[in-house]
2 protein chains.
Amino acid sequence: MLRISRLTDYATVILASLAGGSLASAADIADRTHIGLPTVSKLLKQLQHAGLVRSVRGARGGYQLARSTAEINAADIIDAVEGPVALTECASGAGQCGIEATCQVGHGWQRISGAILRALTDVKLDELLRHDAAFSPPDLHRPPAARWRPLVRGGKPGPA
Amino acid sequence: MLRISRLTDYATVILASLAGGSLASAADIADRTHIGLPTVSKLLKQLQHAGLVRSVRGARGGYQLARSTAEINAADIIDAVEGPVALTECASGAGQCGIEATCQVGHGWQRISGAILRALTDVKLDELLRHDAAFSPPDLHRPPAARWRPLVRGGKPGPA
DNA sequence: GCATAATAGTACTAAAATCGTACTGTTTAT
DNA sequence: ATAAACAGTACGATTTTAGTACTATTATGC
């Protein structure tokens with residue numbers, strides 16, 4: 001599936017809600033986005049660590065975007081919440097992967113990683129917010145709705 | 001992190017070991033790749049379902065690539081093992097995401113999904129196997145080795 | 001025809017990552 | 001001083017992933 005975590009998605013929503021530029025408390029944001037306050041709070045902290053939002057402490061404090069929406073990209077967000085983009089374990093440098101000796105493809109995945117990273121870096125937050133298709137929505141090579149569940153896997157055969 | 005699962009990586013290794021075109025039993029492949037036989041067997045079955053390998057049953061049977069290495073791409077492999085590439089849950093069509101009503105960014109992620117899918121589709125198995133950098137290894141925007149573990153998370157503070 | 005070697009399919013268990021929550025401390029405006 | 005807000009850490013439950021075991025089916029070769 002190659003998915004981002006739900007928290008990363010939430011983080012994007014939170015950043016989007018700060019797009020106006022004004023200061024907002026975690027509670028405000030939770031209210032606006034309908035995400036749970038503890039979760040919002042936790043994510044804002046991570047985003048602050050990553051330098052994507054600025055925090056103001058004390059009463060009447062809150063958070064605001066540290067940079068403009070044009071200066072924050074998708075890779076930044078993933079990076080802040082999930083850590084650096086790396087498709088495979090060995091791409092992270094450590095590489096105690098067990099089959100490393102016979103593995104012919106590690107380099108390949110790392111290169112793909114790079115390509116994906118570039119794609120993610122190219123997409124800025126303000127583009128994420130635009131509803132009209134700013135860049136072409138390339139055809140998914142098959143309609144994605146169908147096989148979400150029936151994936152052939154060892155597990156239970158599903159409700160049908 | 002945006003990672004593929006280890007099984008997908010294994011699947012690639014397995015396909016790579018079949019690149020010669022000859023017929024090989026699951027046991028042979030397990031031996032060559034140093035991946036456990038049950039795991040190899042399971043993955044080969046999934047790859048067969050996806051049409052990436054052909055199986056020959058009975059004694060002296062085995063598996064072989066169903067298409068040339070130039071006709072199998074990275075997206076095919078991920079698709080076979082993990083299901084269709086979709087960055088977010090809502091991108092899969094179902095979309096019982098809870099905050100859908102106020103979510104401004106869903107479409108954005110779906111578009112990114114498309115871009116990534118295109119990148120993955122562009123990379124063929126034979127390119128994955130080439131060791132010399134066939135396409136440019138774009139600079140990761142920071143050295144990825146450093147923060148694999150120290151990711152700020154709730155869990156235990158680690159050995160240090 | 002029967003034994004053998006191989007894939008096909010299914011069920012199950014254990015381990016790990018993820019997600020969300022709770023609690024305690026610190027800073028600052030009123 | 002008090003209250004509002006961020007900062008940091010710890011924790012538990014759920015979900016996903018990974019790996020194993022077992023049975024059925026198919027084909028070869030004697």
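**Contacts, folds and loops**

Colleague: Among the contacts in chain A between residues at least 6 apart in sequence, what percentage join residues at least 24 apart?

Modeller: Two residues are in contact if their C-beta atoms, placed from the backbone, lie within 7 Å. Taking the contacts in chain A between residues at least 6 apart in sequence, the share that joins residues at least 24 apart is 61%.

Colleague: What pLDDT do local features need here?

Modeller: Residues are numbered from 1 along each chain as its sequence is written, while chains are lettered from A, and ligands numbered from 1, in the order in which they are written. This is a predicted model, in which totals for chains, interfaces and linings use all residues, side-chain atom pairs count only at pLDDT 80 or more, and local features need a pLDDT of at least 70.

Colleague: Which pattern does chain A follow when it is read along the sequence?

Modeller: Helices (H or I, at least four residues) and strands (E, at least two) are DSSP runs, numbered from the N terminus. Chain A has 6 helices and 2 strands, and along the sequence they follow the pattern α-α-α-β-β-α-α-α.

Colleague: Which residue stands opposite Val56(A) in β2(A)?

Modeller: Two strands pair if DSSP finds at least two bridges between them. In chain A, strand β1 (residues 53-56) and strand β2 (residues 62-65) run antiparallel and are joined by 4 bridges. They form a hairpin with 5 residues between them, where Gly58(A) in the turn has a positive phi of about 85°. Across the pair, the residue in β2(A) that stands opposite Val56(A) is Gly62(A).

Colleague: And in chain B, which residue of β2(B) does Val53(B) stand opposite?

Modeller: Strand β1 (residues 53-56) of chain B pairs with strand β2 (residues 62-65) of chain B in the antiparallel sense, over 4 bridges. The hairpin of β1(B) and β2(B) has 5 residues between the strands, and Gly58(B) takes a positive phi near 80° there. In β2(B), the residue opposite Val53(B) is Leu65(B).

Colleague: Is Arg60(B) buried or exposed?

Modeller: Arg60(B) is found in the loop between β1 and β2 of chain B, and its phi is near 65°, a positive value in a residue other than glycine. Most residues other than glycine have a negative phi. A residue is buried if 20 or more other C-beta atoms (placed from the backbone) lie within 10 Å of its own, exposed if 12 or fewer, and partly exposed in between. Because Arg60(B) has 7 C-beta neighbours inside 10 Å, it counts as exposed.

Colleague: How many C-beta neighbours does His34(B) have inside 10 Å?

Modeller: His34(B) is placed in the loop between α2 and α3 (37-49) of chain B, and it has a positive phi of about 65° although it is not a glycine. His34(B) counts as partly exposed because its number of C-beta neighbours inside 10 Å is 14.

Colleague: How do helices α1(B) and α2(B) lie relative to each other, and which residues of α2(B) make the contact?

Modeller: Axes are lines fitted to C-alpha atoms, for helices over the stretch in contact, and angles run from 0 to 180 degrees between N-to-C directions. Helix α1 (residues 6-17) of chain B packs against helix α2 (residues 26-33) of chain B at an angle of about 105°, with their axes 10 Å apart, which means that α1(B) is roughly perpendicular to α2(B) (65 to 115 degrees; under 35 is roughly parallel, over 145 roughly antiparallel, and the rest oblique). Val13(B), Ile14(B) and Ser17(B) of α1(B) make the contact with, from α2(B), Ile29(B), Arg32(B) and Thr33(B).

Colleague: How far apart in space are Gly21(B) and Ala66(B), C-alpha to C-alpha?

Modeller: Gly21(B) lies in the loop between α1 and α2 of chain B. Not counting residues up to four places away in sequence, Gly21(B) touches Gln64(B) and Leu65(B). Gly21(B) and Ala66(B) are 45 residues apart in sequence, and their C-alpha distance in space is 8.9 Å.
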